[in-house]
Amino acid sequence: MKHWQQRERALELLAKEVGYVRKPHGGKLRVALAFPNTYFVGMSNLGFQTVYKLFNAEDDIVCERFFLPPKSELAAQRASGAPVVTLESQTPIGEFDVVAFSVSFEWDYTNVLTLLRLGGIPVRAEDRTHRHPLILIGGAVTFVNPEPLALFADVIAAGEGEALIPSLLRAFNDASGREDFLRRVVAERGFYVPSFYDVHYAADGTIARYEPRAGTGAPPVVRKAALKTTEAVDPPATTIFTPETEFGSRLLIEVVRGCANLCRFCWAGYNYLPVRAFPKDRILEIARRARAYSDHAGLVSIALCDHPDIEEILTELVKMGYAISPASLRLDDLTPTILDLLRQSGERTITIAPEVGSDRLRRVINKTITNEEILHAAELIFASGMDNLKLYYMIGLPTETDDDLVAIRDLTLQLRDVMMSHARNRGQIGRIVGSVNPLVPKPGTAYQWLPMEADVVIEQRIKRLRSLTAGIDNVYFNIKSERHSFYQALMSLGDRRVSPAIEAAERNGGNWRAAVAETGVDADFFVFRDRSADTTLPWDIIDGGMKDSFFRSEFEKGQREETTLPPKRQKENARLLPVLQ
Ligand code: SF4
């Protein structure tokens, strides 16, 4: 799209928005902030909106947004040769000091490259000069494993925006130039400059060590930066309202950060410890102010009910007239009051994550609930007047057998019985939808050394589960393909040697099979190898605060079907896991 067409499009979008920030550029650090997907998807992402707000809260920074053009416009944008521009001032992104990406999903890696190309910026850091903006990559994926993006980023920000932005600004203000900035920023907590490290490989292809280059001041490992407490902090919440997003003009608000449950596969659970609740009064104040623009509140938290005042928060939101959607609810925290409040707010579907069908396998993964408790929760859910239930399951877990697949079917049937018994009284039958994903072992979890289950095994299990769950009335299963998970695993578990495959997939429109074949990247090496004897894992360059010895002992306990009980109270949690010393 030509510049004038982009400008018209930007003005159209801005006209529908409430809350965007327009600042003069003069004398400020200019940041072009991208969500590497479309406007429609990006504006529904609370992390992205939060970073925009945090940048613009600084007087010395002006931050403007840009997005991937929708598929229907991408070819025209490429063909026009006009550089992609920001929404707020329609300035080409190449004219900014910093181009920052907030990356939440591995599948958006190729979009990062597309946006750089559309901006006329070389995708590899080594090909850029002082005439180009600094490329900063942050977001959830970067504090799990930033390595597959290492060759594209000048700086990787590992941790939470609230803790990172002030030190980034300090380094910029004090720096005399690009090199000086990089040296200053690595002295701050949470910043990783990949070009400051030599990576040494052993003869078997594993990483022998990361070696900081002499004179750069880069630390041997980069410590993640995170908020120590949320007591005095405003909760992240939607600041720009627009109808043009996945969730319409919904107020998204983070109620509590982290989850104390310690499920052994869960990177979010481990990486956002300790559990930190945002102040109730601030949550309600923000909701009150936003009521003029929104009548729907999306509560974004992985363990909503870990907030000590959750019942009061929900009561007040209902009184304000909000419809409420929780992102997901942890079963062990569901109470009749909470369900009642959600029902009153208009919610008809509850999403829960049994993960597996058998208590035995749940002990292996440390999901410390039983089928009996799940069925009890379902009683409460349907008794409260909810119609539908959404279930998350996983397959390809350690020690899994055919009995565990049968158990998924059996548990779902039992849940259906509960739904039907309540539906009969109400004369209306809802539905149960099961989503099934193969396990992708994640960095920063007790499964970080595990190979992904062999593709033939996953295919067989998918087939078996499809046949077990076919034809059950009012029950629907979505089962993710093994190939989809395989390439996601490659991006999760890889190191900078997978970058050529990301570049090729970007060039060929997302054909990963061809990209891997063309570039000769040994994907099986990254995905199907047992890493337990590796000296250094790709993500060891970031210290997330959790000890390897803890993960190893958790894995071994899991193999013995032993659980680690979740320390429910925050103080105990922080004591057990000294993440933020
Ligand atoms: S309950 Fe388990 S899976 Fe869910 S967020 Fe907490 S740790 Fe993760």
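The charged end of arginine 529 sits over the ring of phenylalanine 525, 4.1 Å from the ring centre. A charge is said to sit over a ring if NZ of Lys or CZ of Arg is within 6 Å of the ring centre and within 35 degrees of the ring normal. Arginine 291 is placed likewise, with its charged end over the ring of tyrosine 322 and 5.4 Å from its centre.

The model is predicted: local features need pLDDT of at least 70, side-chain atom pairs count only at pLDDT 80 or more, and totals for chains, interfaces and linings use all residues. Residues are numbered from 1 along each chain as its sequence is written, and side-chain values use heavy atoms, with hydrogens and water left out.

Rings of Phe, Tyr and Trp (its six-membered ring) pair if their centres lie within 6.5 Å; planes under 30 degrees apart count as stacked, over 60 as edge-to-face and the rest as tilted. Tyrosine 270 and phenylalanine 550 have ring centres 6.3 Å apart and planes at 85°, so this pair is edge-to-face. The pair links distant parts of the chain, 280 residues apart: tyrosine 270 belongs to helix H8 (residues 267-271) and phenylalanine 550 to helix H20 (residues 548-559). Such helices are DSSP runs (H or I, at least four residues), numbered from the N terminus.

Tyrosine 270 also forms an edge-to-face pair with phenylalanine 551, at 4.9 Å centre to centre and 75° between the planes. Both tyrosine 270 and phenylalanine 550 are buried, meaning under 20% relative accessible area (1.4 Å probe, protein chains only). Elsewhere, Trp107, Phe486, Tyr487, Trp512 and Phe528 form one aromatic cluster.

Notes. Helix = DSSP H or I, 4+ residues; strand = E, 2+ residues; numbered from the N terminus. Buried < 20%, exposed > 50% of the residue type's maximum accessible area, 1.4 Å probe, protein only.
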